Structure formats: structure tokens, C-alpha cells
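Me: I'm new to reading protein models, and I'd like to go through this one with you. Could we take it one question at a time?

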Amino acid sequence: MSEMTRLPLASETSTKAAKRRALRPSLPYLKSSLLGSAFTLWDCYCDCDSMDHGGGEASAILRQLEDLKASKSEIERQISALEARFQEIALQQPNGSVSNGSCPPTIPSVGSGYGHDLSPQMIYRYSRHLLLPSFGVQGQSKLLKSSILVVGAGGLGSPVLLYLAASGVGRLGVVDHDVVELNNMHRQIIHTESFIGQPKVKSAAAACHSINSTIQVVEYQEPLRTSNALEIMSKYDIIVDATDNAPSRYMINDCCVVLGKPLVSGAAVGLEGQLTVFNYNGGPCYRCLFPTPPPTTACQRCSDAGVLGVVPGVIGCLQALEAIKIASAVGEPLSERMLLFDALSGRIRNVKIRGQSPQCVVCGVKAPFSKQQFQEFDYENFTHSPLTPLPLKLNLLQPDSRINSKEYKEKLVSGEAHVLVDVRPEHHFKIVSLPNSLNIPLSRLEARLPEITSALKEKEDQRGTDSGSGGQVYVICRRGNDSQRAVQYLQKMGFTSAKDIIGGLEGWAHEVDPNVPTY
Amino acid sequence: MLQFLWNFDHELHFYSVCKLCSFYNMQLTLEFGGGLELLCNSVKIHNVNVELQNGAEKLTMKDLLSWIRTNLIKERPEMFMKGDTVRPGVLALVNDCDWELSGQLDTTLEEKDVVVFISTLHGG
């Protein structure tokens with residue numbers, strides 16, 4: 001709090017008004033946050049008074065902790081914003097007459113008289129860059145003047161943003177519509193636990209500012225679409241594709257071609273990664289390489305196929321490197337080449353790929369893509385997949401071939417003779433499974449049908465003669481898609497009354513037993 | 001390759017013998033990545049001997065693809081091929097070079113070549 005009140009009093013300079021402007025929103029906020037704290041203390045007191053020392057007190061403390069953490073991150077964000085604003089003002093002052101109470105004495109900032117425009121602070125901050133003969137003052141100056149847009153603040157975007165902020169890219173844009181979740185933390189290292197539930201762009205911007213308060217970070221908390229892509233991307237020199245789906249990759253590529261921007265493209269799933277630079281210096285674009293989109297079944301996602309956290313980390317670091325090389329005009333960007341990374345074998349392969357294709361429908365010389373064509377193009381239809389992917393929800397079966405998890409719970413309670421087949425892969429089954437379920441992965445269903453027959457027979461034998469018509473087969477999977485495929489097959493193979501459990505284990509966890517972990 | 005063989009007696013001998021019985025095995029290293037290995041028992045690297053068809057003097061990528069489809073792909077061949085070529089989204093590389101640069105399906109393979117098939121990734 002003392003930081004907040006001290007800042008506007010720090011100096012009587014020409015920028016005082018600007019500072020006051022920047023601080024204005026924070027004063028009402030402080031008032032409300034103090035009131036908030038008072039209420040949480042009151043709640044806590046009441047809990048103690050009623051002698052409830054168990055869950056009540058714990059939840060009051062938790063609430064108070066959450067409130068305080070929220071206040072803390074808000075104050076940190078405001079400090080970063082003020083520091084960035086201050087730096088910006090300092091840069092605009094030709095004589096560097098601005099001084100910051102919390103910083104060492106007055107610094108001459110621009111036009112240091114050394115033949116470049118790096119301030120003493122910048123020289124010190126980026127000294128290790130400046131010491132590189134092949135990078136030096138020239139490379140750093142270019143970097144400081146550059147602007148880079150990172151689309152996606154996830155596994156790839158995290159290291160990209162951290163390194164670009166640290167290295168001093170003048171203006172860094174970040175686009176993401178998503179919020180931080182617990183299952184992001186193992187790979188999306190820019191986010192911290194205190195930001196769970198909050199927008200990724202907010203979290204990412206705060207992290208970038210805490211590393212380097214002297215750069216400008218622009219937040220776009222929205223999905224990138226054909227309607228906003230041209231406007232957003234046109235403001236940047238270089239675009240980094242750190243997204244996680246095919247339609248976004250085609251859309252970002254096409255927009256880069258239309259606007260003439262180089263594109264640093266990276267991807268990582270499982271234990272492999274790929275990296276290349278498109279639309280750079282007459283090199284190919286994404287469509288030159290992949291004119292036809294792949295079938296949707298070939299587009300694995302991290303949330304289905306899994307990913308070792310460090311793999312997108314490696315590719316993201318390399319994307320940051322390529323972006324820095326292009327921005328500072330140093331080295332050979334990875335154009336017309338592709339880097340293939342195989343984490344398990346530790347192998348990195350650098351392959352030569354085709355050049356720009358004259359037949360390319362987007363960058364080809366014959367008919368280059370126009371802005372209007374771009375805005376009218378339907379990327380979701382082209383790739384048969386959504387730009388902001390949600391878990392797939394198939395509907396393959398008749399309603400009477402399906403039951404929901406509450407209905408299945410009733411069957412369990414009533415003791416109905418049945419066999420529960422779990423068709424997830426074995427390694428999923430090992431994470432969590434329902435008691436008494438029989439694991440037969442969908443891919444092995446055909447070969448292992450006899451196991452279902454014998455399990456049914458066993459149930460019948462246990463029950464004696466009262467179930468002459470044969471026991472019931474229920475099928476479960478993770479989300480309720482594969483279970484439908486399995487039931488379709490089982491019904492064809494004579495298990496006519498087989499039913500799937502709607503929503504799978506996730507549905508069960510939400511509707512019946514919240515203690516069953518989801519993944 | 002021919003020139004190479006002429007330089008070594010034993011290689012010459014081997015080649016001659018095979019010439020007589022008009023078939024010949026070509027040793028190749030095949031690699032599958034980006035998820036394509038799942039179609040071949042999750043094995044990424046395959047050292048194979050591809051038998052040339054009777055009378056054939058060379059092995060092209062077209063021949064190799066049909067050989068792979070018959071001998072290596074264990075499931076969902078449509079995830080590897082479409083028609084007589086690789087499906088969209090698969091990059092084929094001959095000795096670390098995009099097959100577009102060497103003639104695509106008409107690329108002629110040579111002994112000890114390394115052919116890589118990579119499915120493009122989209123995740124992040």
C-alpha cells in the first residue's frame with residue numbers, strides 16, 4: 001500500500017498529470033479492497049464466535065486468502081503498469097529529467113551520445129546480448145524497436161512470451177481467449193497457481209511485466225477470428241503461431257500472407273515437436289506445404305493424446321529464438337527448412353522443405369489471396385474442426401441405447417445383473433476406473449468379444465435362474481464418444497441391448513460421484 | 001550407385017548374382033513420426049529390405065509406398081495413404097529432403113536411403 005501512495009508524490013515533474021491519470025483507477029479499488037478485507041475478517045470473527053472451529057473457520061480463512069491474493073495480484077499488475085508507463089515517459093524525455101522514487105538517480109535515457117539509443121539502464125539490462133559480437137548494439141536496438149504478436153498463451157506461448165519479454169522486444173502482443181486451469185500448469189509455465197480461473201492473457205502479461213517492466217505488453221482476450229485477425233496482426237512485425245488446432249494454423253498463415261508478415265510456426269504433441277518459419281523472404285507458406293487439410297482424426301490434441309510438459313517448452317524456446325533472429329536480422333531463420341524434435345530419442349532433425357509454390361492458392365503468384373477473400377473464408381468448414389476446440393460430443397445412438405450416469409447409479413443400487421465394459425485405452429484405465437469394470441480398449445474390442453460373453457455368463461450363474469434373458473452390457477469411456485462407437489459394434493455383433501453411459505466417467509464424476517478424479 | 005558397386009569386387013559379385021535371378025533387395029531405413037508410428041506397432045524406425053519386383057531395375061517412392069502399405073501398416077491405412085500417395089498432412093522426406101524436391105512419387109530410391117514420414121502436428 002505504501003508503494004501505491006508514495007508513487008504519485010515521488011516528483012513534481014511535467015509527467016505528474018500523466019502519472020495521476022494512470023493511478024486514478026486504483027484509488028476506488030483500494031477503498032473497496034479494504035472494505036472487502038474488513039468483511040472477511042468479520043466473517044472469520046463470526047465463525048469463531050459460534051465456536052465452529054472446523055470447516056467454517058477453514059473456509060473463512062480460505063476465502064480471506066483468496067481475497068488477499070486477488071488484491072495482491074491486482075496491486076502487482078498496477079505496479080507493473082505504472083512502471084511501464086513511467087519507463088515510456090522517461091523514454092520520451094529528451095533530457096531524461098524524470099526520476100523515479102524507487103529507482104536509482106536520474107538517468108539520461110535517449111541519445112546517450114554513444115552513437116546508439118540505448119539508455120544506461122538498457123545497456124546494463126541487455127549487456128550479455130550486447131557482448132555477443134554477432135548480435136551487439138545493432139541487434140538489440142532492432143529488437144527494442146520490434147513488435148511481435150504471439151497467438152496462444154499455452155504450452156508453446158509460455159516460453160515464447162517469457163523469452164521475448166526478457167530479451168526486450170519493444171511491443172509484445174498476446175492473443176488468447178482461454179482461462180488458466182490446473183491441468184495447464186505442468187507445461188504452461190508462464191502461469192502461476194494464483195491465476196487459476198483468470199484469463200491467460202492477464203496472467204501472461206503480468207508475468208512478462210514482472211520480468212521486464214520496460215516493454216509494452218498488449219492483451220487481446222478474445223479468440224482470433226477472420227473478423228479481428230487483420231486488424232490485430234497488422235500492428236505487428238512478426239507473428240508467432242503458438243495455437244493448438246488446424247483451422248487457427250491455416251487462418252494465421254493466410255492472414256500473414258495477406259499482410260506480408262513472417263510467421264514463426266511451432267507445434268508439439270506427445271513427445272514430438274515441429275518448428276519452421278513461413279512466409280519469410282520468398283519462402284513457402286503453410287499452404288504451400290499443406291494445401292489440403294488433414295482428416296480431423298489425424299489432428300491429435302494435447303488434451304487427448306497427452307504431452308510431456310517440457311516438449312512444447314523446447315519448441316516454444318526455439319520459436320522465441322527464430323522470432324528474435326528475424327526481429328534483429330541476425331542469423332538464418334528456419335525458412336524452407338523444418339526442425340523435427342523427438343524427445344524420447346533426443347534427436348533433432350533439420351530437413352529441407354519445398355520452396356514457395358507457384359500453384360499455392362494463398363501466396364501463389366497467379367492469384368494471391370485478398371483481404372476480402374481472407375475475411376470470407378470459412379476455416380472451420382475447410383478443416384472440419386472448430387477454431388476454439390471443445391471436447392467432441394458424438395450422438396451416434398438411439399436414445400433407448402443410452403443411459404445417463406444417474407440411471408446407471410440406480411441400476412447399481414437395485415443390483416441389476418450386468419457387465420460394465422470400459423473401452424478406454426489401458427493407460428487411461430490405470431488413472432481411474434469404476435469398481436468391477438472390465439477394461440477392453442475399443443481397438444481390441446473385436447478380438448476380445450468372448451471376454452464379454454463369459455463375463456455375462458458368470459453374472460448369470462451367480463444369479464441362478466432368474467435372468468433367463470441374459471445380463472445387460474453397459475459401456476463407459478472417458479467422455480461418452482468411444483462408448484457409443486463400442487455399443488454400435490456390440491449391437492451389430494448380437495449384444496442387442498448394450499447401452500452406453502452418457503458423458504462417460506466425466507459425466508459420472510459430475511453427476512454422481514465428485515470424488516472420482518477427472519483428467 | 002552403379003558406379004559405387006563397380007568399385008568393389010564383392011559388391012559387384014552380389015549385384016551380378018542378383019542380376020541373374022532378376023530380383024534384388026534394397027536396404028532402406030524407414031522412419032515414422034508425428035503419430036504415424038502408431039500405425040506400425042508403435043515402432044518408429046524400421047530397417048527393411050525391399051524386394052524389387054521381377055524385372056524392375058529401380059525402386060521409386062510409389063513402389064515403396066505400396067510396399068509399406070502391404071508390409072508395415074498394421075491398422076487404419078487411410079491414416080497413412082490416400083489413393084496411391086500419402087494422405088494430406090503427411091510429409092515425406094528422402095534423406096532429410098522434402099520429396100517434392102526430388103520428384104514426389106517418381107523419386108528413385110537408392111541403397112541405404114533414409115525415408116521419413118511425418119504427420120504434421122497441430123497441438124501446443
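Me: In what order do the elements of chain B run from the N terminus on?

Reply: Happy to start there, and keep in mind that this is a predicted model. Chain B has three helices and eight strands. From the N terminus on, these elements run α-α-β-β-β-α-β-β-β-β-β.

Me: How many of the residues of chain B count as buried?

Reply: A residue is buried if 20 or more other C-beta atoms lie within 10 Å of its own. Chain B has 124 residues, and the share of them that counts as buried is 31%.

Me: And what share of the residues in chain A is buried?

Reply: Chain A is built with 21 helices and 13 strands. Among its contacts with a separation of 6 or more, 65% join residues 24 or more positions apart. Out of 519 residues in chain A, the buried share is 36%.

Me: Is Cys302(A) buried or exposed?

Reply: Cys302(A) sits in helix 13 of chain A, which spans residues 302-305. Leaving out residues up to four places away in sequence, Cys302(A) touches Gly155(A), Asp244(A), Val269(A), Val307(A) and, from chain B, Gly123(B). Cys302(A) has 23 C-beta neighbours inside 10 Å, so it counts as buried.

Me: Where is Cys477(A), and is it buried or exposed?

Reply: Cys477(A) lies in the loop between strand 12 (472-476) and helix 20 (482-492) of chain A. Beyond its neighbours within four places in sequence, its contacts include Asp422(A), Arg424(A) and Gly504(A). Because 25 other C-beta atoms lie within 10 Å, Cys477(A) is buried.

Me: How are helix 10 and helix 11 of chain A oriented to each other?

Reply: The axes of helix 10 (residues 226-233) and helix 11 (residues 246-259) of chain A come within 10 Å and cross at roughly 45°. The crossing of helix 10 and helix 11 of chain A is right-handed. The two helices of chain A, helix 10 and helix 11, are therefore oblique to each other.

Me: What kinds of residues make up the contact of helix 10 with helix 11 of chain A?

Reply: From helix 10 of chain A come Thr226(A), Ala229(A), Leu230(A) and Met233(A), which meet Met251(A), Cys255(A) and Leu259(A) in helix 11 of chain A. The residues of this contact divide into six nonpolar, one polar and no charged.

How values were computed: Residues numbered from 1 in each chain as written. Chains lettered and ligands numbered in written order. Predicted model: local features only at pLDDT ≥ 70, side-chain atom pairs only at ≥ 80, totals over all residues. Helix = DSSP H or I, 4+ residues; strand = E, 2+ residues; numbered from the N terminus. Buried ≥ 20, exposed ≤ 12 C-beta atoms within 10 Å, placed from the backbone. Contact = placed C-beta atoms within 7 Å. Axes fitted to C-alpha atoms, helices over the stretch in contact; angles between N-to-C directions. Parallel < 35°, antiparallel > 145°, perpendicular 65-115°, else oblique. Left-handed = near helix turned anticlockwise from the far one by under 90°. Nonpolar A, V, L, I, M, F, W, Y, C, P; charged D, E, K, R; others polar.
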